[in-house]
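Have the viewer open as you read.

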Amino acid sequence: MTGLSQKAMRAREAPLKRPPDPVQEQEAEPVLCFAGSPGGGNDRPAIDFWVGRSDPALFPIKTWRSLINKRLSSGTGYLTDYSDPAGLPELRETIVNHLAQARGMHVSPDQIIITNGGQDALNLIYRLVANRTSQLCIENPCYLGASFLFQSTEKTIHPVPVDADGLRIEELPQSKSSLLYVTPSHQFPTGVTLTLKRRIALLQWAQETDSLIIEDDYDSDFRYDGPPQTALAGLDRSHTVFYMGTFSKSVGAGLRLGFAVLPQEYWNKARMLKAQMSNGQSWLEQAVLADFLAQGHYHRHLRRLQQAYKLRRDCLVKALTAAFECPVLAGTAAGLHLSWRLPQSSPPASVVQINARQNGVGVYSLQSGASFDFNPTARDDILLFGYSSIKEEDIAKAVGVLQQVLHQAKPKPRTSVAG
């Protein structure tokens with residue numbers, strides 16, 4: 001069979017290892033593990049469903065190399081000078097055009113700050129509005145990086161639960177001057193999409209309570225079922241939404257390029273803050289990305305990724321549906337991962353994670369899948385599957401392993417003994 005590494009082939013052929021009895025409690029992951037798969041490097045399982053990882057085999061290396069060479073051959077003066085801390089003007093212009101086409105947002109280049117990925121954008125926005133913020137609101141469960149930032153402050157945190165339609169607007173506080181972090185297009189980690197009705201209600205809440213919203217649109221370039229969703233910022237008419245975008249999922253996390261889109265009245269202050277934080281991003285990567293966008297390479301690259309990732313999404317959904325009766329899946333319409341709520345007869349998700357990893361498959365509970373739940377008694381019954389970097393044959397193999405892991409974990413029926 002082609003496409004499988006020797007390590008994966010050994011995992012396929014080896015008999016399943018039975019879980020230890022009793023199962024050892026999972027150790028806490030190091031703080032920085034939200035940036036990559038736990039263990040990382042050579043310690044990764046043979047088939048690893050870590051969330052948000054783009055496929056390195058699909059990186060447009062020839063085009064990228066050609067654009068780098070053209071930029072370097074046209075002069076290297078920019079390499080020895082400081083750039084605008086807000087970001088290369090031509091890159092900001094190409095992002096404006098992309099957002100208008102893809103996200104229904106009509107903004108100007110002087111509303112955009114280029115950042116060192118999404119986390120840098122989040123830190124920048126928080127610093128920008130911290131003084132006018134009385135309390136922090138965050139969807140629950142949420143992205144681990146956002147929880148780290150909010151918990152590092154001394155402000156009151158108000159977690160807001162998420163259901164099948166996204167953030168529960170009625171649970172938002174009615175006090176003034178809140179700051180809300182939300183992922184409406186593909187909620188992280190559950191994958192649900194905030195409905196249009198709730199988006200409108202959310203914007204109304206922000207206006208009525210004089211609150212601000214941070215919209216993290218981390219993987220919005222990938223939507224497989226239906227037309228692209230208009231961003232929350234595209235519906236905003238009251239200048240309450242601060243938008244975060246990143247090229248980590250669509251081009252590569254190693255480039256460390258993201259951006260923040262701000263209400264125009266905040267831009268000058270944000271530019272000064274960015275100068276204080278890092279004095280801007282690398283000129284070469286910005287210039288090459290600007291060319292990649294302007295010359296149409298980005299849209300062709302996205303179409304290629306969407307086709308590949310949709311096939312992998314379909315394969316995972318089909319395999320889970322065939323192996324398990326009516327699996328409760330969320331987040332299948334978009335993004336790079338989906339979630340599965342385990343049946344009641346299953347062991348906790350953290351236990352399934354341990355047992356699957358012992359058999360060469362990496363699946364992740366909320367506690368270790370780059371997410372965080374503020375409820376200490378929350379049910380441990382959700383597994384996260386990042387499918388974007390895994391070949392279809394490996395996906396099918398991994399689901400087979402999970403099927404056996406869960407079958408072995410089921411309690412055996414008692415046999416009656418004749419008296």
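How many nonpolar, polar and charged residues are there in the lining of the second largest cavity? The lining has three nonpolar, five polar and three charged residues (Ala, Val, Leu, Ile, Met, Phe, Trp, Tyr, Cys and Pro count as nonpolar, Asp, Glu, Lys and Arg as charged, and the others, Gly among them, as polar).

A quick word on ground rules. This is a predicted model, where local features need pLDDT of at least 70 and side-chain atom pairs count only at pLDDT 80 or more, while totals for chains, interfaces and linings use all residues. Residues are numbered from 1 along each chain as its sequence is written, and side-chain values use heavy atoms, with hydrogens and water left out.

Back to that second largest cavity: it holds about 60 Å³ of space, and among the residues lining it are Arg103, His186, Asp219, Ser220 and Arg223. A cavity here is a set of points, on a 1 Å grid over the protein atoms alone, where a 1.4 Å probe fits but cannot get out, and lining residues have an atom within 4 Å of a point. Grid points are joined across faces, edges and corners, and a volume is the space filled by probe spheres set on the points.

Counted this way, there are three cavities of 30 Å³ or more. At least two lining residues come from each of α3 (89–103), β9 (241–246) and α8 (248–252); helices (H or I, at least four residues) and strands (E, at least two) are DSSP runs, numbered from the N terminus.

Now for the helix pair. The axes of α2 (residues 61–73) and α10 (residues 283–294) come within 9 Å and cross at roughly 115° (axes are lines fitted to C-alpha atoms, for helices over the stretch in contact, and angles run from 0 to 180 degrees between N-to-C directions). Trp64 and Leu67 of α2 are among the residues making the contact, as are Trp283 and Phe292 of α10; contact means heavy atoms within 4.5 Å. By class, this contact has 10 nonpolar, one polar and two charged residues.

Last stop: an open, antiparallel sheet of four strands, in the order β11-β12-β16-β14. Strands pair if DSSP finds at least two bridges between them. β11 (328–330) and β14 (364–365) are the edge strands. Three bridges join β11 to β12 (residues 337–341), and Leu329 stands opposite Trp340 in β12. Helix α11 (residues 297–323) packs on this sheet, touching β11, β12 and β16 (382–386).

Terms used: 1 Å grid on protein atoms, 1.4 Å probe; cavity = no way out; pocket = protein on both sides within 12 Å on 5 of 7 lines; lining within 4 Å.
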